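Subject: Structure handover

Dear colleague,

Here is the structure you asked about, for you to open alongside this message. My notes on what was found follow below.

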Amino acid sequence: MPYISVSATADEQIQKICDNVKNQVEKETHENYVEFHAVEYRSQVVAGANYLIKVHVGGTSYLHLMVWQRLPCDGGQDALTGVQQHHHKDDPLVPF
């Protein structure tokens with residue numbers, strides 16, 4: 001299912017989602033990130049929300065994260081559903 005939003009600049013809410021899944025990302029990638037700053041995102045409303053987020057992790061390195069945010073009635077937790085490494089600043093956010 002395609003993401004219905006256009007890319008938008010990440011805000012405090014998106015950074016909080018990234019902070020919530022940082023440990024999951026580090027476990028998945030076997031890396032520890034000193035820098036972990038949300039840059040832009042796309043979203044899709046489902047039973048909760050799916051987020052596709054570009055995260056700057058230092059230098060010229062970026063990650064693309066897919067995160068599912070459950071509905072508040074289901075606990076509202078953020079769950080990492082995918083991560084892609086080796087992206088760059090200008091790489092488009094494309095669902096994977």
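**What was found**

Phe36 counts as buried, at 5% relative accessibility. Please keep in mind throughout that this is a predicted model. Tyr33 is buried as well, with a relative accessible area of 9%.

**Aromatic pairs**

Searching the whole structure gives 2 aromatic pairs. One of them joins Tyr33 and Phe36: the ring centres are 5.9 Å apart and the planes meet at 35°, so this pair is classed as tilted. The other is formed by Tyr41 and Tyr51, also tilted, with 6.3 Å from centre to centre and 50° between the planes. Tyr41 sits in strand 2 (residues 37-46) and Tyr51 in strand 3 (residues 48-56), so the pair ties together parts that are 10 residues apart in sequence. Tyr41 and Tyr51 are both buried. Across the sheet, the residue of strand 3 that stands opposite Tyr41 is Ile53.

**Overall fold**

The protein chain contains 1 helix and 5 strands. Read from the N terminus, the order of elements is β-α-β-β-β-β. The radius of gyration is 12 Å, close to the 12 Å that the globule rule gives for 96 residues, so the chain is as compact as a globular protein of that length. Along the principal axes, the C-alpha atoms fill a box of roughly 40 × 25 × 25 Å. Of the 96 residues, 44% are buried. Among contacts with a separation of 6 or more, 48% are between residues 24 or more positions apart.

**Sheet and helix**

The 5 strands make an open sheet in the order 1-2-3-4-5, with antiparallel pairing. Strand 1 (8-9) and strand 5 (78-87) are at the edges and have a single partner strand each, so one side of each is left without a neighbour in the sheet. Strand 2 and strand 3 run antiparallel and are joined by 9 bridges. Helix 1 (residues 12-29) lies across strand 2, strand 3, strand 4 (62-69) and strand 5. The angle between helix 1 and strand 5 is about 70°.

**His56**

His56 belongs to strand 3. Is His56 buried or exposed? Its relative accessible area is 16%, under the 20% cut-off, so His56 counts as buried. The side chain of His56 makes a polar contact with the side chain of Glu35, at 3.5 Å. Not counting residues up to four places away in sequence, His56 touches Glu35, Phe36, His37, Val39, Ser61 and Tyr62.

**Lys89**

Lys89 is found in the segment after strand 5. With a relative accessible area of 58%, Lys89 is exposed. Which residues is Lys89 in contact with, leaving aside its neighbours within four places in sequence? They are Lys54 and Tyr62. Lys89 and Tyr62 are 27 residues apart in sequence, yet their C-alpha atoms are 6.6 Å apart in space. Tyr62 is also among the residues that His56 touches.

Regards

How values were computed: Residues are numbered from 1 along each chain as its sequence is written. This is a predicted model: local features need pLDDT of at least 70, side-chain atom pairs count only at pLDDT 80 or more; totals for chains, interfaces and linings use all residues. Side-chain values use heavy atoms; hydrogens and water are left out. Rings of Phe, Tyr and Trp (its six-membered ring) pair if their centres lie within 6.5 Å; planes under 30 degrees apart count as stacked, over 60 as edge-to-face and the rest as tilted. Buried means under 20% relative accessible area, exposed over 50%, partly exposed in between (1.4 Å probe, protein chains only). Helices (H or I, at least four residues) and strands (E, at least two) are DSSP runs, numbered from the N terminus. A polar contact is a pair of N or O atoms within 3.5 Å; within protein, one must be able to donate a hydrogen and the other to accept it, and residues adjacent in sequence count only if both atoms are side-chain atoms. Contact means heavy atoms within 4.5 Å. Two strands pair if DSSP finds at least two bridges between them. Axes are lines fitted to C-alpha atoms, for helices over the stretch in contact, and angles run from 0 to 180 degrees between N-to-C directions. The radius of gyration is taken over C-alpha atoms; the globule rule is 2.2 Å times the number of residues to the power 0.38.
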